[in-house]
Amino acid sequence: MLVQELNRSIDTIQLDNYNVLKTQTHDVLYKPNVSSVTVQLYAILDAVADRVEIHSNVCEHRNNWNTLLLNSINMITLTATTMVGVAAVNNEVGAPLLALKLSSALLFSAATGMLLIMNKIQPSQLAEEQRNATRLFKQLQTQIQTTIALGNVTEKDVKGAMEKVLALDKAYPLPLLGAMLEKYPAKFEPAVWWPSTQFQKKNEGKAKSKKMGEKNGWSKELEMEMKQVVEVVKRKDIEDYERLGNIAMKVNKSLAIAGPLMTGIAAIGCGFVGNNGFSLAALVPLMAGSMAAAINTFEHGGQVGMVFEMYRNNAGFFNMVETSIESTLEENDLEKRENGELFEMKMALQLGRSVSQLREFASKSSAYGMEGIDIDEFASKIF
């Protein structure tokens with residue numbers, strides 16, 4: 001009861017915040033001193049706030065799907081297994097035995113069909129996708145609000161915000177039919193939710209050497225620090241999450257096949273349950289039904305699909321950090337780069353460290369490299 005009241009309170013707060021934002025956007029549209037690009041950015045902000053609400057609601061719905069389908073399929077499977085056990089020990093012949101056999105076979109068949117659908121869509125993975133989408137849209141909402149608060153909104157800000165919205169829509173689609181992400185890909189691929197133009201390569205074909213000085217917060221030491229961070233992220237974090245993601249994907253595939261297979265075997269085995277008391281023919285559907293319930297509980301109760309999506313998102317995060325640093329360092333004109341001190345602080349916060357810890361981390365990485373120690377050994381000591 002308390003949890004339900006808390007959820008209703010949170011929903012009310014979110015709705016109030018969304019209505020306040022819409023009111024602010026409406027008021028801005030009628031201010032004569034506001035530039036057109038600022039109005040456009042407010043319109044994008046309104047759309048982002050709407051997407052936050054939608055993805056949050058869809059996440060809750062798909063999480064409910066996982067719970068309801070898991071409980072329903074397990075109840076059907078265990079009920080059919082119990083009926084097989086009753087039929088096996090039933091000494092009566094004729095209609096009572098036939099009714100038990102047919103009923104259990106129909107229940108096992110229904111469980112097989114429902115399991116095939118559930119394993120195809122992976123509700124726990126769908127819910128995790130929407131959680132990530134909600135978080136990233138909230139992050140984008142905050143970025144847009146910060147841009148507006150700082151002032152001097154440009155066409156580049158509007159274009160960048162629009163591209164980020166479309167990239168997120170593509171990375172975390174809402175529809176199931178036609179647009180749903182592949183739940184069993186042939187190869188593990190990290191999630192990509194940023195536009196391709198955000199970290200595009202700069203100064204291609206201009207392999208121009210430059211003398212580094214103290215300019216726009218950048219120095220030779222800071223560049224070396226960022227390069228060391230990229231090396232460790234690439235060799236440690238990304239590889240680890242790709243390895244774990246591949247394991248989760250293989251386990252999920254195996255369980256998705258094993259569950260319906262067990263219920264299908266149980267459905268066929270029901271037809272061989274005889275009237276000569278308990279026999280080997282009755283043992284097959286009993287064992288298969290029990291194993292199906294256990295497998296389904298482990299797969300969807302343990303939310304293996306959600307774990308796979310979590311690893312995919314984590315690998316994508318470190319891939320984004322790597323791409324962001326490399327793209328920044330490829331810009332030869334220091335004035336066109338983001339301020340070095342600000343960039344260093346952002347990277348430190350994203351990696352869960354203070355600026356001093358990040359510098360110490362990079363210096364140790366460089367020292368280990370000079371001593372000829374493998375970067376994997378260094379990363380294992382650091383982490």
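Modeller: Helix α2 passes helix α4 in a left-handed crossing (the near helix is turned anticlockwise from the far one by less than a right angle). This is a predicted model, in which local features need pLDDT of at least 70 and side-chain atom pairs count only at pLDDT 80 or more, while totals for chains, interfaces and linings use all residues. Residues are numbered from 1 along each chain as its sequence is written, and side-chain values use heavy atoms, with hydrogens and water left out.

Colleague: At what angle do α2 and α4 pack, and how far apart are their axes?
Modeller: Helix α2 (residues 36-89) and helix α4 (residues 123-150) pack at about 160°, and their axes are 8 Å apart. That makes α2 roughly antiparallel to α4 (angles over 145 degrees count as such).

Colleague: Which classes of residue make up that contact of α2 with α4?
Modeller: The contact has 19 nonpolar, 10 polar and 4 charged residues. Ala, Val, Leu, Ile, Met, Phe, Trp, Tyr, Cys and Pro count as nonpolar, Asp, Glu, Lys and Arg as charged, and the others, Gly among them, as polar.

Colleague: How many helices and strands are there?
Modeller: The protein has 11 helices and 0 strands; these are DSSP runs, with H or I over at least four residues for helices and E over at least two for strands, numbered from the N terminus.

Colleague: What share of the residues is buried?
Modeller: Of the 383 residues, 41% count as buried, meaning under 20% relative accessible area with a 1.4 Å probe and protein chains only; exposed is over 50%, and partly exposed lies in between.

Colleague: Changing topic, where is lysine 215?
Modeller: Lysine 215 is in the loop between α5 (155-171) and α6 (220-269). With a relative accessible area of 42%, lysine 215 is partly exposed.

Colleague: And which residues is lysine 215 in contact with, neighbours within four places in sequence aside?
Modeller: Those are Leu334 and Glu335, where contact means heavy atoms within 4.5 Å. Asparagine 339 is 124 residues from lysine 215 in sequence, yet their C-alpha atoms are 8.9 Å apart in space.

Colleague: What about α6 and α7, at what angle do they pack?
Modeller: Helix α6 and helix α7 (residues 280-301) pack at about 150°, with axes 8 Å apart. The two are therefore roughly antiparallel to each other, and their crossing is left-handed. By class, this contact has 15 nonpolar, 5 polar and 1 charged residues.

Definitions and conventions. Axes are lines fitted to C-alpha atoms, for helices over the stretch in contact, and angles run from 0 to 180 degrees between N-to-C directions. Angles under 35 degrees count as roughly parallel, over 145 as roughly antiparallel, 65 to 115 as roughly perpendicular and the rest as oblique.
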